[in-house]
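Let's take a walk through this structure together.

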Amino acid sequence: MGITVAQLREQVRGAVIDRDDAGFDQARRVYNAMIDRRPQVVVQCRNAGDVAAAVGYARENGLDLAVRGGGHSVPGFGTCDDGVVIDLAPMRGVRVVPGSRTVRAEGGATWGDVDAATHAFGLATTGGIISSTGVGGLTLGGGIGHLARGQGLTCDNLISADVVTAGGELVVADEHRHADLFWALRGGGGNFGVVTSFEFRLTPVRDIYGGLIFFELDQIPNVLRAYREIIADAPERLSMFPAFQIAPPLPFIPQDRHGDALIAIVACWAGPIDAGPDAVRPLRDIAPIVAEHLGPMPYPLLNGTFDVLVPPGLQHYWKANFVVELTDEMIAAHVEHGPRVPVVNSTVHIYPINGACHRVAPDATAFAYRDANFATVIAGMWPDPADNAANIAWVRDYYAATAPHSEEGGYVNFMAGDDQGRIKANYRGNYGRLVQVKRAYDPENLFHLNQNVRP
Ligand SMILES: Cc1cc2nc3c(=O)[nH]c(=O)nc-3n(C[C@H](O)[C@H](O)[C@H](O)COP(=O)(O)OP(=O)(O)OC[C@H]3O[C@@H](n4cnc5c(N)ncnc54)[C@H](O)[C@@H]3O)c2cc1C
């Protein structure tokens, strides 16, 4: 006989919410409103012991198990039908140790939580560009952000992780202990256990110089060609990425341009502030500027700049690819599809992942694409479910046009639920080792609601 819900409630400190509870509809919800699933229970874990109990409950009862950090997974991996959801949202504690330049974040912390805590001490690590994204899913898939060219991917800054395994054990994984697990956690996604605590290396970064520059759509070829040239050997403290974006009604954008599709460059100079204007000058010289908002700002502010455009409750459908060379053919695909960005919430970002990301060997962590210079995300986000077909079609057509000029794999964290067929390609030569680690730590594939590595 399995464990009952009543027994589970006795075992855990956090709330166990089932379908009869008033908070059920709130508790089952994830960020992507397209996902509408009804788990049997949501366990709002308060500590690693709660997590181990919830893992045991799912395992012993043969139930599906979803693990939710920040809940941002576009395919909705943070919830399930009829199974158990481990919701780590109550576990958002962050502890900075300025002396050793490290930070520890609990498994349900968001990047807003981490950035605010480390900023107070003039320290930072590579993290997501939206403050509500979870540290958990982002780190486990790799982690791309404004500091990546200088500091590497988020997973490259991971020092250790506390992990509750499928067997319900709590282990510490780092370079010396459970080293294979530690290798797999850095890019291999949520396949290997529930991380209850992440420890990261930090670098001195307090304020950055950056912001947004908008150009006309007829400048797309100039902007993308200049981007590929500048970013190839720009100082690593400079990050920039092009974005297709409908101009939101912001005061720095001329009123008569609100609602127009434009191409933007999002810039971040993480070096000495005085050097900021010179560092971003080449970007301002690319073409005539429609609108710009550049200046010194706290690093967490840049990582919250787009928050208002992507509130919870939108419909999401995304596609991704890795790109080695931003060829003229690829630029032509962007010229055709970028201007068709349908709504102000949607965007296409072409992130640079050279610099420090390239200094990590392709087999040193599970994240294999160390020769890719760019990670593209075609992020369809829109408010009205009635518009699903049109918005999904925009993402798919765009992806189909760029795929021939991209690598076979894409960044796991930017991919759709229908991309499971690309998992092997995402991990290239690392896939075999990931399968081995999966067999060692989760032979029954209890953790299968993710971009799944099958044992
Ligand atoms: C608005 C938005 C902005 C984004 N910006 C960026 C960005 O700047 N850079 C970037 O790299 N990515 C970005 N992403 C993609 C993001 O990395 C993925 O969506 C990621 O999966 C989100 O992690 P989460 O914890 O919020 O999601 P969740 O839905 O909670 O989890 C995602 C996956 O990770 C697993 N997981 C989460 N936490 C844990 C844990 N503690 N232990 C074990 N498994 C866990 C889940 O089981 C699931 O499989 C963004 C996504 C959105 C929606």
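Predicted model: local features only at pLDDT ≥ 70, side-chain atom pairs only at ≥ 80, totals over all residues.

Residues are numbered from 1 along each chain as its sequence is written, and side-chain values use heavy atoms, with hydrogens and water left out.

Start at the ligand. Around the ligand there are 33 residues, where a residue counts as near if one of its heavy atoms lies within 4 Å. Val67, Gly69, Gly71, Ile144 and Tyr411 come nearest.

A backbone N or O atom of Ser73 lies 2.9 Å from a ligand oxygen, and one of Gly137 lies 3.0 Å from a ligand oxygen. Ile144 contributes a polar backbone atom 2.6 Å from a nitrogen of the ligand. These are polar contacts, pairs of N or O atoms within 3.5 Å. The protein covers 96% of the 940 Å² of accessible area that the ligand has on its own, with areas taken from the Shrake-Rupley method and a 1.4 Å probe.

Which elements give two or more residues to this shell? They are strand S3 (65-68), helix H5 (135-141) and strand S10 (194-201). H5 supplies the largest share, 4 residues. Helices (H or I, at least four residues) and strands (E, at least two) are DSSP runs, numbered from the N terminus.

Next, the annotation. An unreviewed UniProt entry lists residues 34-205 as "domain: FAD-binding PCMH-type"; such annotations may be inferred rather than shown by experiment. This span is 23% helix and 26% strand, and its end C-alpha atoms lie 37 Å apart.

S10 also belongs to an open, antiparallel sheet of 5 strands, in the order S5-S6-S10-S8-S9. Two strands pair if DSSP finds at least two bridges between them. Its edge strands, each pairing on one side only, are S5 (94-97) and S9 (170-173). Strand S6 (residues 102-106) runs antiparallel to S10, joined by 5 bridges, and Ala105 has Phe198 of S10 as its bridge partner.

Finally, find the open sheet of 7 strands, ordered S15-S12-S14-S13-S17-S18-S16 with antiparallel pairing. Its edges are S15 (291-298) and S16 (315-323). Within this sheet, 2 bridges join S13 (residues 238-246) to S17 (residues 347-352), and Ala243 has His349 of S17 as its bridge partner.

Terms used: Polar contact = N/O pair within 3.5 Å; in protein donor to acceptor, adjacent residues only side chain to side chain.
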